[in-house]
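Please keep the sequence and the 3D view at hand.

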Amino acid sequence: MKIVIGQGSCGVATGAKKTAAEFEKQLAEKNLDAVVDITGCVGTCYLEPIVDVYDDNGEMTRYVKVQPDKVAEIVDKHIAKGEVAADMAIAAEDQEFIEKQKRVVLRNCGIINPEKIEEYIEVGGYEAIKKVVTSMTPDEVIEEIKISGLRGRGGAGFPTWFKWNACRQSPGTEKYMVCNADEGDPGAFMDRSVLEGDPHCLIEAMTIAGYAIGATEGYVYVRAEYPIAVSRLQIAIDQAREYGLLGKDIFGSGFDFDLHIRLGAGAFVCGEETALMTSIEGNRGEPRPRPPYPAVKGLFGKPTTENNVETF
């Protein structure tokens, strides 16, 4: 039996860590065989702390607003006896709200453990980059993005393929791929949800983009106010390096690519791409006049492509 507790920022803020600790304590005291694990936000923050109990047959029961004082009832009824603690189970209307959604960017959030690369791989993770670097040319990747119709999801809606192709066509062997995870807009937490719940998807996508434009290094610029997101992204990067999915000779293709995290101080202006690059360089984040455009002269004066988290 597996107990999965939502520990995105919303879950942690409502006491999910204390709930998890109480589950560990109760299971140990009662000598019950169950694993306590974590996941990101499933999208219903108002129901946190959320606890998903997976029976041995894979069937899941979702409990909501589970504070530490309610853990004993779930352990005694569900874990020990196999009976649903109905008074804490998710309401039908809330479950219906979730089931009607078709999640794309957030497809893995609230399902996999963001700190375990194995779980990302189990749901098809890193298959795309394997296909790209072993069987496609950079031009074919850009053409695929063009056919998809993908536009920048940061708000401008600029054709992604055009941005990538412009950087690819720029002369020079040293190029950079940059991710804008600054998210300075008040009340906007999309980047945070992805980084907290599914950081490997960003790593894989940036690696694909790096291959397409001819970059061997990438930077994720994320606001320092997102400590959980930063921590999980760093864990994911370390795991990807350990598995040979970042670094030298990825999938034996001869393609090298690595990622670095740079923390922003929450300056709204650093959401603008040239100001963001200036900040990565260690200078005060101020926009640069254009032209030249980043695809010609961007980070450290080299051709650079920058996209938003949701675009990746």
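**Salt bridges, aromatic pairs and burial**

Lys77 counts as partly exposed because its relative accessibility is 33%; buried means under 20% relative accessible area, exposed over 50%, and partly exposed in between (1.4 Å probe, protein chains only). This is a predicted model: local features need pLDDT of at least 70, side-chain atom pairs count only at pLDDT 80 or more, and totals for chains, interfaces and linings use all residues. Residues are numbered from 1 along each chain as its sequence is written, and side-chain values use heavy atoms, with hydrogens and water left out.

**Salt bridges**

- The whole structure holds 19 salt bridges (a side-chain nitrogen of Lys or Arg within 4 Å of a carboxyl oxygen of Asp or Glu).
- Lys77 pairs with Glu73 in one of them, at 3.4 Å from N to O.
- Lys77 and Glu73 are four residues apart in helix α3 (residues 71-81), so about one helical turn separates them. Helices (H or I, at least four residues) and strands (E, at least two) are DSSP runs, numbered from the N terminus.
- Glu73 is partly exposed, at 27% relative accessibility.
- Arg241 and Asp258 also form a salt bridge, with their closest N and O atoms 2.9 Å apart. This pair links distant parts of the chain: Arg241 sits in helix α11 and Asp258 in strand β7, 17 residues apart.
- Arg241 is partly exposed, at 33% relative accessibility.
- Asp37 and Lys116 meet in a salt bridge of 3.3 Å, N to O. Asp37 is in strand β2 (residues 35-39) and Lys116 in the loop between α4 and α5, so the pair ties together parts 79 residues apart in sequence.
- Asp37 is buried at 7% relative accessibility, while Lys116 is partly exposed at 33%.
- A network of salt bridges links Lys2, Asp37, Lys116 and Glu119.

**Aromatic pairs**

- There are eight aromatic pairs in the whole structure. Rings of Phe, Tyr and Trp (its six-membered ring) pair if their centres lie within 6.5 Å; planes under 30 degrees apart count as stacked, over 60 as edge-to-face and the rest as tilted.
- Tyr176 and Tyr219 make a tilted pair, because their ring centres are 6.1 Å apart and their planes stand at 50°. Tyr176 belongs to strand β5 (residues 176-181) and Tyr219 to strand β6 (residues 217-223), so the pair ties together parts 43 residues apart in sequence.
- Both Tyr176 and Tyr219 are buried.
- Tyr211 and Phe255 pair edge-to-face, at 5.2 Å centre to centre and 80° between the planes. Tyr211 lies in helix α10 and Phe255 in the loop between α11 (227-242) and β7 (258-264), so parts 44 residues apart in sequence are tied together.
- Tyr211 is buried at 14% relative accessible area, and Phe255 is buried at 10% relative accessibility.
- Phe158, Trp161 and Phe162 form a cluster linked by ring pairs.

**His200**

- His200 is in helix α10 (residues 199-213). His200 is buried, at 2% relative accessibility.
- Leaving out residues up to four places away in sequence, His200 touches Pro114, Ile117, Tyr120, Tyr126, Ala236, Gln239 and Ala240 (heavy atoms within 4.5 Å).
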